[in-house]
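Have the sequence and the 3D view at hand as you read.

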Amino acid sequence: MDILTDVHTHTAFSPDGQDDIDTMLARAKELRLAWWGIAEHFDYDYLTDNIPFDDGAAQFTDPEAYFPAARALQQSEKEVHILAGAELGFTRNRAVVPLYRNLIARYRPDFIVNSVHTQGTQDYYYRTPFRGKDKKTAYGEYLALVRESLDADYPYDIVGHIGYPARYAPYADKSMDGADFIGALDDILTTIIARGKILEVNTSAAGADAPFLPFPPIVRRYFALGGREISIASDAHGARRLADKRRETAAILKEIGFAFVTVPCRGEKIYVEL
Ligand SMILES: [Zn+2]
Ligand SMILES: [Zn+2]
């Protein structure tokens with residue numbers, strides 16, 4: 001039987017999360033998840049870069065509410081290994097570094113997802129970073145920032161959803177694996193391998209016309225370059241999408257050649273058969 005992992009999900013502690021942690025856990029048990037990783041949003045790039053929130057409602061995960069609640073559940077829960085993690089939004093603005101360092105020192109997340117959501121003062125989610133730019137330019141800017149994010153001055157375990165802009169891109173062909181991007185991608189993938197980081201395979205990819213992100217040819221390239229450390233994440237923001245497309249994704253990954261997923265937990269790595 002498959003050992004199911006879903007490492008990078010959001011509960012209602014995240015401003016855009018839909019279901020509370022107990023509802024999510026009940027669903028995780030129903031699905032018989034062995035490892036359930038919560039990675040609430042800590043988008044302090046929004047803070048340092050003065051990025052406006054939708055409807056003007058500035059909202060952040062309250063770590064003082066989230067971590068104690070997740071830790072308590074972690075202690076009492078016997079069936080599911082719960083990981084209390086964090087997703088940190090990268091920015092090249094150095095003002096964010098002490099904010100993340102303080103968060104990490106104070107709450108010691110079980111794992112950290114390092115994600116690029118924004119470019120300058122715009123989140124790809126709002127489609128504004130694409131304005132007036134062809135795909136080569138917009139994706140090129142994004143990949144340059146992803147490469148910089150790998151040098152983040154705070155610890156992280158997982159490189160989150162490479163290809164994130166493709167979820168929202170206005171281009172007919174949303175793929176990011178073409179000849180224009182091979183050089184940048186190889187640089188990113190070899191750096192992930194050299195640093196011992198984990199490449200996230202993120203199944204929240206409906207808008208990108210892909211089964212998951214990064215696009216499968218990029219994951220295939222990672223394997224060819226020697227990359228073996230991957231995680232699988234639904235990036236669910238509610239119980240309904242927990243472990244979404246987990247089995248189809250595992251089948252594609254096995255076909256590429258992967259034999260296990262890596263679950264990061266407090267600086268250790270746990271290898272779970274795919
Ligand atoms: Zn994200
Ligand atoms: Zn996320």
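The largest nonpolar core has 72 residues, and L83 and L213 have the most contacts inside it. A nonpolar core here means a set of buried Ala, Val, Leu, Ile, Met, Phe, Trp, Tyr and Cys residues joined through C-beta atoms within 7 Å. A residue is called buried if 20 or more other C-beta atoms lie within 10 Å of its own, exposed if 12 or fewer, and partly exposed in between, with C-beta atoms placed from the backbone. Strand β2 (residues 33–42) gives this core its largest share, six residues. In general, nonpolar side chains tend to be buried together in soluble globular proteins.

Before going on, a word on the ground rules. This is a predicted model, where local features need pLDDT of at least 70, side-chain atom pairs count only at pLDDT 80 or more, and totals for chains, interfaces and linings use all residues. Residues are numbered from 1 along each chain as its sequence is written, while chains are lettered from A and ligands numbered from 1 in the order in which they are written.

Back to L213. Which residues does L213 touch, not counting those up to four places away in sequence? They are H161, I162, G163, Y164, A166, N202, A205 and A208. (Two residues are in contact if their C-beta atoms, placed from the backbone, lie within 7 Å.) The peptide bond from L213 to P214 is cis, with omega near 0°, and P214 sits in the loop between β8 and α7.

**The sheet**

Seven strands make an open, parallel sheet, in the order β1-β2-β3-β4-β7-β8-β9. Helices (H or I, at least four residues) and strands (E, at least two) are DSSP runs, numbered from the N terminus, and two strands pair if DSSP finds at least two bridges between them. At the edges stand β1 (4–9) and β9, each with a single partner strand, so one side of each has no neighbour in the sheet. Helix α8 packs on this sheet and touches β1, β8 (198–202) and β9, with its direction at about 155° to that of β9. (Axes are lines fitted to C-alpha atoms, for helices over the stretch in contact, and angles run from 0 to 180 degrees between N-to-C directions.) Further in, β4 (residues 112–115) and β7 (residues 158–159) pair in the parallel sense over two bridges, and N114 has V159 as its bridge partner in β7.

**Two helices with a buried face**

Helix α6 (residues 182–195) has 14 residues and reaches 20 Å from its first C-alpha to its last, close to the 20 Å expected at 1.5 Å a residue. (That expected span is 1.5 Å times one less than the number of residues.) Its buried residues are L185, I188, L189 and I192. Seen down the axis of α6, they fall within an arc of 90°, so they line one face of the helix.

In α7, the buried residues are I218, V219 and Y222. Down the axis of α7 they fall within an arc of 100°, so they too line one face. They pack against α6, β8 and α8.

**Positive phi values**

Most residues other than glycine have a negative phi.

| Residue | Phi | Source of interest |
|---|---|---|
| R32 | near 55° | not a glycine |
| D235 | about 55° | not a glycine |
| G196 | near 70° | follows α6 |
| G226 | near 110° | follows α7 |

Are these spots buried or exposed? R32 lies in the loop between α1 (21–30) and β2 and is partly exposed, with 13 other C-beta atoms within 10 Å. D235 is in the loop between β9 and α8 and counts as buried, with 25 C-beta neighbours inside 10 Å.

Methods
Arc of directions from axis to C-beta.
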